[in-house]
Amino acid sequence: MKREEALKIAILKLGAILLTSIPEELTDEDALEFQNDLLEMVKRTNAKGAVIDITALQIVDSYMARVLNDTARMLKLLGAQAVLCGMNPQVALTLVEMGRELIGVQTALNLEHGVGVLYRLLDSEENL
Amino acid sequence: MPLKDVTVEIRSQRDIITARQEAREMARRLGFKLADQTRLATAVSELTRNALQYGRGGVCSIEEASNATDIRICVVVRDQGPGIADIQKAMTYGYSTGKSLGAGLPAARNLMHEFSITSEPGNTEVRACMGRRR
């Protein structure tokens, strides 16, 4: 039997920030691996922040919501910022109906805004 | 003619994805809107993950259960795990016997129109349905 290959999610460096896009379907394990890869990449590249694009995600259940939340908090602990962008409207609707605010992360409408929001966050940090 | 039932064995994380895709597809074929397709697929994701995590795997069956007035779709997830000792507690947001957020069951209930659980050691069944007027 063919072993299932672990999904590798590309993380791109753009100046001081990282860009990454989560694919349509990923298993719980893929999600945790992505979390780990992103943290490592931030550390390795001295990135100041990351924009995580979730345009392709059609479903964010409580597990995925937690992974996204945790990832943003972990980046903060490292001293980096995270912005989540491109949430599908149906996903937003579902997350709210599911009960609590599962996503406690900085968000933006799309990738372009996400990069803008991240740069502004970083600017305001520098001006402190 | 109602659509044929779809049954997905839940043995690995991949099967969670298959189950929610099948559920979405059936909802789409039954004419449910995108929002309902997403609600259903998300609920199926929560329930099948529970079966995998706590019930050591199980079976997810997706059925059309329409009647004279409503188009209905039901999801039944069964597992042979240890069972849910306190269903009322398990339905409380933030309660978990594992490491999870404790949001899965209440989330699934909130997304669906009907929701019921029966559980005893070796036999747990969660049934969740959603409907729309014909």
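Residues are numbered from 1 along each chain as its sequence is written, and chains are lettered from A and ligands numbered from 1 in the order in which they are written. Because the model is predicted, local features need pLDDT of at least 70 and side-chain atom pairs count only at pLDDT 80 or more, while totals for chains, interfaces and linings use all residues.

**View 1. Strand pairing of E2, E3 and E5 in chain B.** Helices (H or I, at least four residues) and strands (E, at least two) are DSSP runs, numbered from the N terminus; two strands pair if DSSP finds at least two bridges between them. Strand E2(B), residues 58-64, is antiparallel to strand E3(B), residues 70-79, with seven bridges between them. A hairpin of five residues leads from E2(B) to E3(B), and B:Glu64 lies opposite B:Ile73 of E3(B). E3(B) also runs antiparallel to strand E5(B), residues 123-133, through ten bridges; here B:Val75 faces B:Ala128 of E5(B).

**View 2. The contact between chain A and chain B.** Residues are in contact if their C-beta atoms, placed from the backbone, lie within 7 Å. Chain B contributes 21 residues and chain A contributes 19 residues. On the side of chain B that touches chain A, two or more residues each come from helices H1 (13-29), H2 (34-54) and H4 (104-111) of chain B. H2(B) gives the most, with nine residues. This side of chain B comprises ten nonpolar, six polar and five charged residues (Ala, Val, Leu, Ile, Met, Phe, Trp, Tyr, Cys and Pro count as nonpolar, Asp, Glu, Lys and Arg as charged, and the others, Gly among them, as polar).

**View 3. Packing of helices H1 and H2 in chain A.** The axes of H1(A), residues 28-45, and H2(A), residues 62-78, come within 10 Å and cross at roughly 15° (axes are lines fitted to C-alpha atoms, for helices over the stretch in contact, and angles run from 0 to 180 degrees between N-to-C directions). H1(A) is therefore roughly parallel to H2(A), a term for angles under 35 degrees. Residues of H1(A) including A:Leu32, A:Leu39 and A:Val42 meet residues of H2(A) including A:Val67, A:Met74 and A:Leu78. The residues of this contact are eleven nonpolar, two polar and three charged.

View 4. Seven of the eight residues of H4(B) are buried (20 or more other C-beta atoms within 10 Å of the residue's own, with C-beta atoms placed from the backbone). Among them are B:Leu105, B:Pro106, B:Arg109 and B:Leu111.

Conventions. Contact = placed C-beta atoms within 7 Å. Parallel < 35°, antiparallel > 145°, perpendicular 65-115°, else oblique. Buried ≥ 20, exposed ≤ 12 C-beta atoms within 10 Å, placed from the backbone.
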